[in-house]
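User: I'm new to this structure and would like to learn how to read it. Could you take me through some features, giving the general idea and then the case here?

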Amino acid sequence: MIVNYALHLKAAGHDPHVIITVPFARDNQYLLRLSAAGIPVKSLGRRLYYRSQLALRQVALRTPWFAKYRDWEAAAFRTAVDLLRKQRPDVLHVIAEGGLFIQAAYAAGIPVIHQEPAMPYYGDAPEVQVSYAKLSESLPLASELVAVSPRIAQLCRERLNCPEHVSVVPILVDDLAPEILKVKVAGPVTFGFAARIEALKGPMVLLEAFARIVVAFPAARLIIAGSGDQEVEIKRRAQALSVTERVEFPGNYVDEAGKLAFLDSLDVLVHPSLFEGTPCTVIEAMAYRLPVIASQVGGVPDMVTSKTGILVPPNDVDALATALSTLAGDESLRLELGRAARERYEEIFSPSAVLPMLVEKYQRAIARENPNASFDDLSDDVIRHPWADLKA
């Protein structure tokens with residue numbers, strides 16, 4: 001998400017810089033893409049001040065006289081403020097980093113936009129609850145909150161202490177080489193899943209549903225790509241359901257070629273998650289002209305409509321099996337939904353659709369802090385995105 005925004009901003013003539021909180025490996029694929037495009041990447045974890053503060057924290061944990069150095073977040077905050085004062089960006093775009101960077105930008109006098117990619121307070125994990133509580137405390141300091149879909153924006157309004165301005169900027173997903181898209185040849189249907197193999201993503205629900213349709217569609221195949229803590233369990237369940245020969249577990253695809261090969265092997269993408277924002281996997285499938293079966297959670301109903309796929313209740317094996325059976329038995333419907341999915345991708349999630357919205361948010365945030373700011377390159381009719389005027 002961050003990488004695509006930055007790369008397309010750079011290509012459009014802007015000067016994005018990326019800041020992350022943790023150290024990064026020099027061979028990280030995302031870092032390499034940013035570096036190849038000439039986009040600077042800074043890590044708080046590599047700053048000398050931050051490392052020195054962490055060293056003091058280790059002493060403080062054993063010495064009561066240095067209690068003020070025990071909080072690593074305080075060290076991260078001071079490091080972020082120092083970095084932002086030196087960098088002096090026109091605007092800071094924070095994505096899923098809690099309240100620390102919002103507070104740091106406010107302290108440094110820099111307008112800040114927070115983007116929320118997920119369902120606020122999703123799940124019961126204590127760390128999630130604490131993270132969102134801290135974010136909610138900091139949000140009033142932001143110039144604007146942008147969500148990745150209208151439904152997520154509404155959830156933010158309901159669950160978070162939002163700033164005055166709340167709007168929508170979708171995830172930007174690269175066009176997956178439309179010239180290589182081809183009409184699928186007739187043959188056995190292949191369903192695909194690509195996400196972490198864990199309970200919240202719903203792979204076990206998918207496996208159970210798939211096992212129910214193989215009697216009617218004995219040549220159907222299922223590819224479960226990814227890895228996770230449920231991987232061993234789901235492979236054992238596939239064996240118990242006698243579908244091992246019909247289910248593949250290729251692991252993670254590690255590069256663009258692997259992703260394209262996976263998508264090219266599919267007739268339908270299935271995303272049965274129990275909690276979700278707006279998953280990139282679904283958007284990539286739509287860009288690849290694939291119909292989607294997905295759970296009706298989070299921002300997914302903003303993405304997948306009755307014209308582009310089938311929505312089912314989360315954790316509902318019967319409903320998912322019905323949807324699988326419907327598309328397995330109707331090739332013309334798959335092709336129709338796939339064409340509509342591609343059109344929706346172009347309208348909602350393509351670079352040409354999203355980038356003008358993103359730049360407009362930056363310019364508005366800057367103008368709120370500096371009423372004298374002028375942006376002659378942006379006229380009201382530039383933004384034609386269907387979600388441009390939606391407010392939570």
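User: What follows α11, and what is its phi?

Analyst: Helix α11 is followed by R289, and the phi there is positive, near 65 degrees. Keep in mind that this is a predicted model. R289 has this positive phi although it is not a glycine. You'll find R289 in the loop between α11 (280-287) and β11 (292-295).

User: Is R289 buried, exposed or partly exposed, and how would I tell?

Analyst: Buried means under 20% relative accessible area and exposed means over 50%, with partly exposed in between. R289 has a relative accessible area of 33%, so it is partly exposed. In space, R289 is 9.5 Å from E336, C-alpha to C-alpha, while the two are 47 residues apart in sequence.

User: Which other residue has a positive phi although it is not a glycine?

Analyst: Look at N315, with a phi of about 60 degrees. N315 is in the loop between β12 (309-312) and α13 (317-328). Its relative accessibility is 52%, so N315 counts as exposed.

User: Which residue does D175 form a salt bridge with?

Analyst: That would be R342, and the closest N and O atoms are 2.8 Å apart. D175 is in the loop between β6 and β7 and R342 is in helix α14, so the pair ties together parts 167 residues apart in sequence. D175 is partly exposed at 35% relative accessibility, whereas R342 is buried at 7%.

User: Where does K361 come in, and is it buried or exposed?

Analyst: K361 forms a salt bridge with E360, with 3.6 Å between the closest N and O atoms. Both K361 and E360 are buried. Salt bridges with shared partners join E144, E360, K361, R364 and R368 into one network.

User: What is a disulfide, and how many are there here?

Analyst: A disulfide is a covalent bond between the sulfur atoms of two cysteines. The count in this model is zero. Take C156: its nearest cysteine sulfur belongs to C162 and is 5.5 Å away, and C156 is in no disulfide. C156 is buried, at 0% relative accessibility.

User: Last topic: how do I describe aromatic pairs, and how many does the structure have?

Analyst: You describe a pair of aromatic rings by the distance of the centres and the angle of the planes. A search of the whole structure finds three pairs. Y121 and Y132 make a tilted one, 5.4 Å centre to centre with 40 degrees between the planes. Y121 lies in the loop between β4 (112-116) and α6 (126-138) and Y132 in helix α6, so the pair ties together parts 11 residues apart in sequence. Y121 is partly exposed at 26% relative accessibility, while Y132 is buried at 7%. The ring centres of Y253 and F262 are 5.6 Å apart and their planes are at 35 degrees, so that pair is tilted. Y253 is partly exposed at 28% relative accessibility, and F262 is buried, with a relative accessible area of 6%.

Terms used
Residues are numbered from 1 along each chain as its sequence is written. This is a predicted model: local features need pLDDT of at least 70, side-chain atom pairs count only at pLDDT 80 or more; totals for chains, interfaces and linings use all residues. Side-chain values use heavy atoms; hydrogens and water are left out. Helices (H or I, at least four residues) and strands (E, at least two) are DSSP runs, numbered from the N terminus. Buried means under 20% relative accessible area, exposed over 50%, partly exposed in between (1.4 Å probe, protein chains only). A salt bridge is a side-chain nitrogen of Lys or Arg within 4 Å of a carboxyl oxygen of Asp or Glu. A disulfide is a pair of cysteine sulfur atoms within 2.5 Å. Rings of Phe, Tyr and Trp (its six-membered ring) pair if their centres lie within 6.5 Å; planes under 30 degrees apart count as stacked, over 60 as edge-to-face and the rest as tilted.
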